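Please look through the structure shown here.

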Amino acid sequence: MKDVLIARFRAVHSREPEVIARAPGRIEFIGNHTDYNGGTVLGAAIDRGVWVGLARRTDGRRRFASDSRAELVELAADASARATGTSSWVNYPLGMLLVMQAAGIETPAGFDFLAVSDVPPGAGLSSSAALELSSGLAFLAAQRQSLPREQLVKLGRKAENEFVGVPCGILDQGVSGFGRKDCLVHIDCRGPTFGIVPMPPGLDFWVFNTHTKHALVDGLYAERHKECMEAALGIGVGLLVEATPEALAAAETRLSRAAYKRARHVIDEIARVERATEALRAGDMALVGKLLLASHRSSRTWFENSSAELDLLVDVLEAEKGVYGARLTGGGFGGAVMALTSSQFDGDGAKRVEEAYWAKFGSKPDVIRAHTDDGASLVKEAP
Ligand code: ADP
Ligand code: MG
C-alpha cells in the first residue's frame with residue numbers, strides 16, 4: 001500500500017509525500033451496544049487500513065484527494081465549514097485538523113493530502129476512524145509533533161462526533177489506535193482505559209457484510225439508547241454497567257418491557273466481554289466461541305437488533321467445521337457478521353456460507369478474511 005500511495009501521490013500532486021501514516025480498520029469482537037452504557041468491549045485492529053500521505057504547501061491552500069473519489073477538493077486555510085455532497089468525505093480529515101487546532105496543537109496551514117485505503121467503507125470495519133487517525137498522525141508528523149496515543153484516539157472520536165456528526169462510541173478509534181498484532185484491544189468505556197489481550201496463534205477472522213440496512217436505523221439506535229438510559233434510571237444506577245443481574249430482576253416490574261429487555265442484554269453482554277477476555281488469556285477457544293454465539297443470541301432476543309440475514313449467516317457458520325463462533329458485529333439492524341475460525345475454515349467454507357445466503361436471499365454477502373495487526377503508526381517521518 002505504501003508504494004500505491006507514493007505512486008498516486010505523485011500522479012495527483014506532482015510531488016513526493018513528506019510524511020506517510022497508516023491506521024487500521026477494526027472488528028468489534030464482542031461487546032454489542034455496551035459502550036454508551038459504560039461497559040467494556042473487545043475489538044481487533046485488522047490488516048487493512050487507510051494510508052495518508054501529506055506534503056506541506058507554502059500558499060496556505062489545502063488540497064484533499066482520495067483513491068475512492070475522482071475529484072480533488074481544494075479549501076482555503078481558514079475554511080472550517082462542513083463539506084457537503086461528494087466532497088463530504090473531507091469532513092473526516094478536516095474535522096481532525098480542526099479539533100487538533102482547537103486543542104492548541106500545532107498543525108500545518110497548507111498541504112497536499114492523499115488517502116488510499118483497502119478498508120471498504122460502510123462494511124462495519126470502521127474506515128472512518130482509520131481515516132481520522134491516519135490523518136491526525138500525518139498532520140502531527142508534518143509539524144514534527146507527536147501526541148500520547150490516548151489523546152489522538154479521543155480527538156478522532158471528537159472529530160467524528162462533533163464535526164462529522166456521527167455519535168460513535170470510543171471503540172472505533174480506540175481499537176484503530178491501540179491495536180496490536182496477535183492481540184485484541186480491551187476498552188473500558190468509562191475511563192476510557194485501553195488494554196491488550198493476547199490471542200492464541202492460528203486464528204482467522206472472517207467478515208460477511210450483507211449490505212442490508214434497516215430503513216429506520218438511526219431512529220432505532222436513538223430508541224435503544226433511550227431505553228437503556230430509562231432502564232438504568234429504573235434500576236437506580238447512573239449507567240447499566242453499574243447494575244447487577246439481581247438488581248435488574250428486582251426492578252423488572254418497574255421497567256417497561258423494552259427497557260427490561262435492553263438492560264438484560266447489556267448487563268449480560270458486559271459479563272460476556274469479561275469472560276471472553278479471561279477465556280482468551282487461558283487459550284480456551286471453545287469457550288470464546290460459545291460466548292460469541294451467546295452474544296449474537298442475546299442481541300437477537302433481548303436487544304432485538306439482529307435481522308433474518310444476520311441470523312442465517314450465524315446459523316450457517318455455526319454448523320461449519322473450524323468455526324469457533326460468530327455474531328453480528330457493529331450496530332446491527334443489518335450490516336455484518338464476524339466469525340472467529342481456525343484455518344480449518346477456508347475459502348470452501350466461505351463459499352458454502354455464501355451459497356446458503358444466496359439460496360435464501362438471492363444476493364451474496366461480501367466476504368473478507370482478516371488477521372490482527374498493529375494500531376495506527378507513522379510510516380514515513382518528515383525529512
Ligand atoms: P465505516 O466507518 O463503518 O466504514 P462510516 O459511514 O462511518 O462507515 O464511514 C465511511 C465514510 O468514511 C465514507 O462515506 C467516506 O466519507 C469516508 N471514507 C472512508 N474511507 C475513505 C477513503 N479511502 N477515501 C475517502 N473517504 C473515505
Ligand atoms: Mg465509521
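In helix 6, the buried residues are Val217, Leu220, Arg224, Glu227, Cys228, Ala231, Ala232 and Ile235; buried means under 20% relative accessible area, exposed over 50% and partly exposed in between, with a 1.4 Å probe and protein chains only. Because these residues cover an arc of only 140° around the axis, they sit on the same side of helix 6; the arc is that of the directions from the helix axis to the C-beta atoms. An α-helix has 3.6 residues a turn, so residues three or four places apart point the same way. Asp218, Lys226 and Leu233, on the other side of helix 6, are exposed.

This is a predicted model, in which local features need pLDDT of at least 70 and side-chain atom pairs count only at pLDDT 80 or more, while totals for chains, interfaces and linings use all residues. Residues are numbered from 1 along each chain as its sequence is written, chains are lettered from A and ligands numbered from 1 in the order in which they are written, and side-chain values use heavy atoms, with hydrogens and water left out.

Helices (H or I, at least four residues) and strands (E, at least two) are DSSP runs, numbered from the N terminus. The buried residues of helix 6 pack against strand 8 (204-213), helix 7 (245-251), helix 8 (257-282) and helix 9 (285-303), where contact means heavy atoms within 4.5 Å. After helix 6 comes Gly236, with a positive phi near 95°.

Arg327 belongs to strand 9 (residues 323-329). Arg327 counts as buried because its relative accessibility is 0%.
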